[in-house]
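Reader: Could you walk me through this one, with the cut-offs spelled out as we go?

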Amino acid sequence: MGDHVSKRLKLLSAADGDMEERSFPNPYPDWDQRVAASGSEEEDGDASEPLDASGKVSAAFQKKVQNKITDLLQQMEEGLKTADPHDFSTYTGWTGIALLYLQLHRVSSETSHLQRALDYVKRSLRNLNGRKVTFLCGDAGPLAVGAVVYHRLKNTEDSKECITKYRAVLSLDSDVRDELLYGRVGYLFALLYVNKEIGGNTVDEGSISKVTFARTHTPLQ
């Protein structure tokens, strides 16, 4: 029995040795909070450290992130030169790009991002086809995003025109499915999105309730 145990120990030791040989040595020092704190006190800061001594995002790291965002946007814009010129959807097309720039404007307040959102949503609005009704894949998406972009640009007339058009996109008694990508739920999302972004009673509760009622009272297929 002793010999059997010894053989097992030798096998385990050999296995441990194999694991050690397959590992990589770590050339980096252990984390030292004191070093991080002292480094953050330098004028330029350390861009590799996201937080400063007070626990807030450091200015150097913010600049690093901003530079990366700019670089990625340039790559995206270059790739869009070969994109489908007729894909206006939020899901895979120009309205999705407009929505990206709209979000960038939300977090950065840079006017240039809002202008780019306008450029792309205008392209989408020229390509509406009336075949789909939803936020992600249909006419409601470009019209809803257009309404929000124009609202932020304080262009009330064009914003209201977009709202009027997308409210007419779906007839409540039309024969459409009830799901998100192509159906009533996708249209309902567009209504709720505009109310959230523009606020108040932009789309009245009665209209939202009618769409919700049509959705909940559709027989299961």
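Author: In helix 7, the buried residues are Ser 159, Cys 162, Ile 163 and Tyr 166, where buried means under 20% relative accessible area, exposed over 50% and partly exposed in between, with a 1.4 Å probe and protein chains only. They lie on the same side of helix 7 because they cover an arc of only 100° around the axis, taken from the directions from the helix axis to the C-beta atoms. This is a predicted model, in which local features need pLDDT of at least 70 and side-chain atom pairs count only at pLDDT 80 or more, while totals for chains, interfaces and linings use all residues. Residues are numbered from 1 along each chain as its sequence is written, and side-chain values use heavy atoms, leaving out hydrogens and water.

Reader: And what covers the buried residues of helix 7?

Author: The cover includes helix 5 (111–125), helix 6 (140–152) and helix 8 (184–198), with contact meaning heavy atoms within 4.5 Å. Helices are DSSP runs of H or I with at least four residues, strands are E runs of at least two, and both are numbered from the N terminus.

Reader: Which exposed residues does the face turned away carry?

Author: Glu 157, Lys 160 and Thr 164 are the exposed residues on the face of helix 7 turned away from its buried side.

Reader: Switching to His 105, is that buried or exposed?

Author: His 105 counts as buried because its relative accessibility is 16%, and its place is in helix 4 (residues 94–108).

Reader: Which side chain does His 105 join in a polar contact?

Author: The side chains of His 105 and Arg 152 are joined by a polar contact of 3.5 Å.

Definitions and conventions: Polar contact = N/O pair within 3.5 Å; in protein donor to acceptor, adjacent residues only side chain to side chain.
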